[in-house]
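User: Hi, could you walk me through this model before I set anything up? I would like the definitions along with the answers.

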Amino acid sequence: MHCSLIRTAVSARLDGEEPPPGITAQQLAAHLDTCATCRQWEARARALTEYIARLRDADTDPGGPDDPGAEAPDQPPRAF
Ligand SMILES: [Zn+2]
């Protein structure tokens, strides 16, 4: 089993997608059990996926792009 195929499967699983053809969840788990490099890769990919999900959540607060003038400062009165 090639590490690159395992990483494709890990990435698909993190995205909620089907694993690539020719690899089962059992094979994936068995490989992660024996391959420290792929375990490390999976931990990083998971952290990155969670980080991106948090960024997306922060991006979707109400009042967003429809309201560009909301924070425009008041113009000071002209002195002349
Ligand atoms: Zn591996």
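Analyst: Happy to! First, a nonpolar core is a set of buried Ala, Val, Leu, Ile, Met, Phe, Trp, Tyr and Cys residues joined through C-beta atoms within 7 Å. A residue is buried if 20 or more other C-beta atoms lie within 10 Å of its own, exposed if 12 or fewer, and partly exposed in between, with C-beta atoms placed from the backbone. The model is predicted, so local features need pLDDT of at least 70 and side-chain atom pairs count only at pLDDT 80 or more, while totals for chains, interfaces and linings use all residues. Residues are numbered from 1 along each chain as its sequence is written.

User: Which pattern does the protein follow along the sequence?

Analyst: Helices (H or I, at least four residues) and strands (E, at least two) are DSSP runs, numbered from the N terminus. The protein has three helices and zero strands. Read along the sequence, the pattern is therefore α-α-α.

User: Which residues make up the largest nonpolar core?

Analyst: Of the 80 residues of the protein, 9% count as buried. The largest nonpolar core has five residues, and they are Ile-6, Ala-9, Val-10, Leu-28 and Cys-38. The largest share of this core, three residues, comes from helix H1 (residues 3-14).

User: Within what arc do the buried residues of H1 fall?

Analyst: The buried residues in H1 are Ile-6, Ala-9 and Val-10. They line one face of the helix, because seen down its axis they fall within an arc (taken from the directions from the helix axis to the C-beta atoms) of 100°.

User: What covers the buried residues of H1, and which residues does Ala-9 touch?

Analyst: Two residues are in contact if their C-beta atoms, placed from the backbone, lie within 7 Å. The cover over the buried residues of H1 includes helix H2 (25-34) and helix H3 (36-59). Not counting residues up to four places away in sequence, Ala-9 touches Pro-19, Pro-20, Ile-23 and Leu-28.

User: Is Gln-27 buried or partly exposed, and why?

Analyst: Gln-27 is found in helix H2. Its C-alpha atom and that of Ile-6, 21 residues apart along the chain, are separated by 8.6 Å. Because it has 15 C-beta neighbours inside 10 Å, Gln-27 counts as partly exposed.

User: Which residues is Cys-3 in contact with, leaving aside its neighbours within four places in sequence?

Analyst: Cys-3 has its place in helix H1, and with 12 other C-beta atoms within 10 Å this residue is exposed. The C-alpha atoms of Cys-3 and Thr-37, 34 residues apart along the chain, are separated by 8.6 Å. Leaving aside those neighbours, Cys-3 is in contact with Cys-35, Thr-37 and Cys-38.

User: What is the count of buried residues in H3?

Analyst: H3 reaches 35 Å from its first C-alpha to its last, close to the 34 Å expected at 1.5 Å a residue; the expected span is 1.5 Å times one less than the number of residues. This helix is hardly covered, and among its 24 residues the count of buried ones is two.

User: Which UniProt annotation covers residues 3-39?

Analyst: The end C-alpha atoms of residues 3-39 lie 10 Å apart, and the span is 70% helix and 0% strand. UniProt positions are given in the numbering used here, feature names are shortened, and annotations may be inferred rather than shown by experiment. The annotation from the unreviewed UniProt entry is "domain: Putative zinc-finger".
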